[in-house]
Each structure stands twice: as structure tokens, then as C-alpha cells.
Amino acid sequence: MGTSIVITSWNGKERLKISLPSIMHAWDSHPEVIREIIVIDDASSDDTEEFLRLQFPQIRMIKNKQNRGFIYSSNKGVYEAREDIAVLLNNDVTVSNNFLDAVIPHFEDSSVFAVTFRSLGDDEKTFREGGKSMVFSLGFPHIRHALRHQAENNIYSLYAVGGHCAVRKRMFLALGGFDELFYPGYWEDVDISWRAWKNGWKVFYEPQSVVYHKEISTMKTSFKHFTLKTIKARNRLLFIWKNISSPFLMSEHIFFLVIRTVTSIITLNIYFYPALFSALRLLPLVFKRRKTEEFNGNMSDRATIRIGRE
């Protein structure tokens, strides 16, 4: 079973200089597993195209005519992938040489949608990210990075981290890819994995698959801190409104949303109001998504929330 590695990049030449050598080494070492590398260049202005052409001519580079962001570029990369499994990597992620060895066997199960990797920090030792779980408390979902996710055994994960995971192309496209409702990013990977679970598909965390995230995020260099916090808060609201179908959980959310609307001015929650107003403007699109998306499975919201915690 072969894979296509998909890397999205915007003005990321300096990041690619760091990340690509390790990815190329993994490709050279495991050509039967890694069949191609695709870089989706999001209309960069930093000579990424010339750099790739001269230094890495083996790589397929697809350039967007205009800057469209991570979500669009990732979707395009998966669509263009020639293999059944697409490996999504941020342009600031380096990899261990055999990082896909333990990943491929998961996809022998036809119900597996995605596998998320173990991410270590700059020192290549400190645990950074692994499997994910969720707690729904006081009307809002809270993502948890439980310590047990550092265990050596693979387990279910609520979602696959968009910056370092493998997805089954057929299922990814069947779900419509990452939803551009969440532009420019955050919660889009939670959303698609949630919909996969609801559809009867699975997401695993594989701790034997190790990548190194250098944390030179394009998002963090492109947006101010306040804007990023607002986007995260807005997208969490959009995730709830789009996906929660339990009358009880939705009633709980509305109750605490009203309380938060009243109290945020007292608690100096400066991100809440711009996030709420921005989310409300997108309500027509949210309702359209809720109408058109159909799930073949019958997993309840509560059962989905428990994934990764049991």
C-alpha cells in the first residue's frame, strides 16, 4: 500500500529547507511506501517554486494561482494524490526515517479513516502531541491531551491532527475534505474526524510513528495573537453549531452561551464578542451544512465525545 505525502506551504522556502531533507531521506529509504511527494504552494512570493525546481526536482509542485489558505491547499493536495493514502504534513514538520512503518498496517482495516502521529518538540525528545480526546463541559467542547496518549500502544483518537497525519483519500473526499467554513484554520481537523466517526469510520493514534514539529507555524507568523485567539474561539462555536445533534447538549450549550455573553464583559474575555459576532454571520452556511450532511452510522454525540477517553 503506497502513500502520497502532501505538504502545504506559503512563503515557506526556509521551512522547507529544514523539513524536506528528512522527508526525502524517508522516501529514498522506503520507495515502496512513499510513492510521491507533493508540495502545494499557496501562491508564494519567496521563490519557493525555483527552490524546489533546482533542489528537489523529484517533488511534484502544484502552485495555487492565488493565496487560498491551508484548508483549500490541503484538500487540493489530497485530491491530486495518486495513492490511496495521503500523508498530510505541515511545512515545519520533519520526520523519522521509518515514520510510516507502523501506520500502513492500520489501513488494512477498511473502516480506518485516518492515523495521527506522535509529535515531538524541537529537542526531538519532548512529547508535544499525540492522540486527542474531548470533554464537553459547561456547554463547550474542550480538547484534552491526556498523558496516557504518550503510551506505546496505539489507541483510538477523537481526531487526526491536520499537520501530521495520514488519511484515506477516498473517505477524505467523500466527507468533502476539510470544511472551508473554518478558514483560515483550527477545528477543521476535529470537524472532519468527528464526521468520520459519525459515519462509522475510525481514527487511530500511532505512537510508533514519530515526527518533529519545529513550531514555525505559518498561521502564527501571518496573524496577530488577538486574531488567532478570536479565530479559535469562533471556530469552536462553528464546530458546535454544525455538529452537535443531541438536544440535551445543544440546550446546555445555548444556556451557557447566554451566560457567557452576559459575563464576558465582566471577566474581560476580550476574544468572545468578536468571535461570537463572526460566527453568527456564518450561521446561514452552518445551517446549510447541517441540512446537507448525512451520516450512515448511528454513533451518538456522547459516544463520539468518549472516544480517546476509554
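Predicted model: local features only at pLDDT ≥ 70, side-chain atom pairs only at ≥ 80, totals over all residues.
## Around Pro 141

Setting aside neighbours up to four places away in sequence, Pro 141 has contacts with Met 134, Val 135, Phe 136, Trp 187, Arg 236, Phe 239 and Ile 240. Pro 141 sits in strand β9, which covers residues 140-144.

Is Pro 141 buried or exposed? With a relative accessible area of 2%, Pro 141 is buried, because anything under 20% counts that way.

## The nonpolar cores

Now for the cores. The largest nonpolar core has 50 residues, and the ones touching the most other members are Phe 113, Met 134, Val 167, Phe 239 and Trp 241. Met 134 and Phe 239 also turn up among the contacts of Pro 141.

Take Val 167: leaving out residues up to four places away in sequence, Val 167 touches Val 78, Asp 84, Ile 85, Ala 86, Phe 107, Phe 113, Ala 114 and Phe 172. There's also a second, separate core of 32 residues, with Leu 20, Ala 26, Val 93 and Val 112 among them.

## How α1 meets α2

Helix α1 (residues 13-29) packs against helix α2 (residues 48-55) at about 30°, and their axes are 10 Å apart. That angle is why the pair counts as roughly parallel. The crossing is right-handed.

Which residues make the contact? From α1 come Lys 13, Leu 16, Lys 17 and Leu 20; from α2, Thr 48, Phe 51 and Leu 52. By type, that's 4 nonpolar, 1 polar and 2 charged. Leu 20 is also listed in the second core.

Methods
Residues numbered from 1 in each chain as written. Heavy atoms only, no water. Core = buried A, V, L, I, M, F, W, Y, C linked by side-chain atoms within 4.5 Å. Buried < 20%, exposed > 50% of the residue type's maximum accessible area, 1.4 Å probe, protein only. Contact = heavy atoms within 4.5 Å. Axes fitted to C-alpha atoms, helices over the stretch in contact; angles between N-to-C directions. Helix = DSSP H or I, 4+ residues; strand = E, 2+ residues; numbered from the N terminus. Parallel < 35°, antiparallel > 145°, perpendicular 65-115°, else oblique. Left-handed = near helix turned anticlockwise from the far one by under 90°. Nonpolar A, V, L, I, M, F, W, Y, C, P; charged D, E, K, R; others polar.
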